[in-house]
Amino acid sequence: MSCLQRSTRLQAELQVEPGMREAQDSGCFSLRCALRPLLAVALLEALYSSIPPSQLEEGMRQAKRDGTLRPLAEAAGPDADTVLLLLDTMRPEEILDAAQQALGELVQFGVVLALGVSGHAHGLRHARLPIAAAFVPGLPVSFAVVFYFLLETRALAQGSQRGTLLPLHSGGQEPRIDHTL
Amino acid sequence: MHEGSIASAPSSSDLPTRIVVSLLACSIVSWQLLETTKLPSAAGEQRCCRMLGCPLQWWLLTLMLLSVIEGILMTLADLVLLARRDSAGMITAADLRQELTLTLAIGHADQIIVSLMIIGLGVSGWRSGVKYARVAVGLGAAALLSRRLPAPLLLLPGTLTQPATRSIRPVILYLSGCRRRSSSSAG
């Protein structure tokens, strides 16, 4: 099923839920579609952990011999010398670690962005703040992730029917939505 | 350029920005702390405690605080790095290496925070009697211990392979609540 079809279907389903009318006003936004590429990135991150450092070391040595590293470093920015020196000082495990962490941050950033937009569309209070926090340089992206989940948790604890996530505390609450289709 | 020295230093102009960011982050945590402490006195106190929302909120707040401390540590490390520049304003490769090690360590801490958040959500679901919450706890613990299961992967929705009415179900929450809700809906 395409994203468009799913989105249309979602719109139709939302019509039976009066509390979610706001989501209809938010236009075509399917979180699934937004998160799918992030899943690919997260899988790539997981894949990186299976690369043996010795193989990477050999690859780096080969790239240095062939001179393919410099054009890549130059493409990354004006400080090509710095990048190359940095690569020289890093062990293969560290390079893998750094690559994994960069991908992980990208995934977390995307998740916060997507959840924040969706949460805002569903009327969650302050849902845009975690997005802003994710954009702030110098602040770990995990801050934004935890912040969003805290907002959701609080909204639910206060008895709000708003928010976009599943119930964290489903005990004693009537189901809000039937997920069985 | 000096031998073993590079000019890639965090610029001094970045630092005031980062300090302001740290202060802002602290104020957000303080605000959330106030919001959390307000909850028990609110009308929904009983429900809050019954649903175990309060401990989870405190847990998440603690993790937010840890994230802020991470940011502050990085700012401090940059300050130290700037202070140790040589007369030509260059940073030695050894210092840069230390900075790199610290950055990687903080990146690991970031992953640990997300894993702990997942475990916290799972434990909260478990204590509420949610059927598959233990799986969430297990996955969170696995992400904590193993590099092969990155924590960000667990944040992504399990709904990609599942028909859903609402499009938002991070996998951890799917594991914590979806099955139970579905079964109760069906019942």
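**Aromatic pairs, nonpolar cores and a surface patch**

With a relative accessibility of 0%, A:Phe147 counts as buried. The model in which this residue is placed is a predicted one. A:Phe143 likewise has 0% relative accessibility and counts as buried. Both residues belong to helix H9 of chain A, which spans residues 141-157, and being 4 residues apart there they are separated by about one helical turn.

Chain A contains 9 helices and 0 strands, and its elements, read from the N terminus, follow the order α-α-α-α-α-α-α-α-α. The chain has 181 residues, of which 48% count as buried. Of the contacts in chain A between residues at least 6 apart in sequence, 54% join residues at least 24 apart.

Over all chains, the structure holds 3 aromatic pairs. One of them is formed by A:Phe109 and A:Phe135, whose ring centres are 5.0 Å apart and whose planes stand at 85°, so the pair is edge-to-face. Because A:Phe109 lies in helix H7 of chain A and A:Phe135 in helix H8 (residues 128-135) of chain A, this pair ties together parts that are 26 residues apart in sequence. A:Phe109 counts as partly exposed, at 24% relative accessibility, whereas A:Phe135, at 54%, counts as exposed. Another pair comprises A:Phe143 and A:Phe147; here the ring centres lie 6.0 Å apart and the planes at 50°, so the pair is tilted.

The largest nonpolar core has 49 residues. The residues with the most contacts inside this core are A:Val111, A:Phe143, A:Phe149, B:Leu60, B:Met64 and B:Met117. At least two core residues are supplied by each of the helices H3 (31-48), H7, H8 and H9 of chain A, and likewise by each of H1, H3, H4 (93-127) and H6 (151-155) of chain B. H9(A) provides the largest share of this core, 11 residues. When residues up to four places away in sequence are not counted, A:Val111 touches A:Leu35 and A:Leu38 in chain A, together with B:Leu155 and B:Leu156 in chain B. A second, separate core consists of 9 residues, among them A:Met60, A:Ala63, A:Ala80 and A:Met90.

Helix H7 of chain A, covering residues 92-121, also includes A:Asp97. This residue has a relative accessible area of 12% and is therefore buried, the limit for that class being under 20%. Apart from its neighbours within four places in sequence, A:Asp97 is in contact with B:Leu104, B:His108 and B:Arg147.

On the surface, a nonpolar patch is formed by B:Ile19, B:Leu23, B:Leu65, B:Leu66, B:Ile69, B:Leu73, B:Leu76 and B:Leu79, which together have about 690 Å² of accessible area. Two helices of chain B, H1 (14-38) and H3 (53-83), each supply at least two residues of the patch. The largest share, 6 residues, comes from H3(B). With a relative accessible area of 45%, B:Leu76 is partly exposed.

Technical notes: Residues are numbered from 1 along each chain as its sequence is written. Chains are lettered from A and ligands numbered from 1 in the order in which they are written. This is a predicted model: local features need pLDDT of at least 70, side-chain atom pairs count only at pLDDT 80 or more; totals for chains, interfaces and linings use all residues. Side-chain values use heavy atoms; hydrogens and water are left out. Patches are made of residues with over 30% relative accessible area and no salt bridge: like charges are joined within 9 Å, nonpolar side chains (Val, Leu, Ile, Met, Phe, Trp, Tyr) within 5 Å. Accessible areas come from the Shrake-Rupley method with a 1.4 Å probe; for residues, only the protein chains shown count as cover. A salt bridge is a side-chain nitrogen of Lys or Arg within 4 Å of a carboxyl oxygen of Asp or Glu. Buried means under 20% relative accessible area, exposed over 50%, partly exposed in between (1.4 Å probe, protein chains only). Contact means heavy atoms within 4.5 Å. Rings of Phe, Tyr and Trp (its six-membered ring) pair if their centres lie within 6.5 Å; planes under 30 degrees apart count as stacked, over 60 as edge-to-face and the rest as tilted. A nonpolar core is a set of buried Ala, Val, Leu, Ile, Met, Phe, Trp, Tyr and Cys residues joined through side-chain atoms within 4.5 Å.
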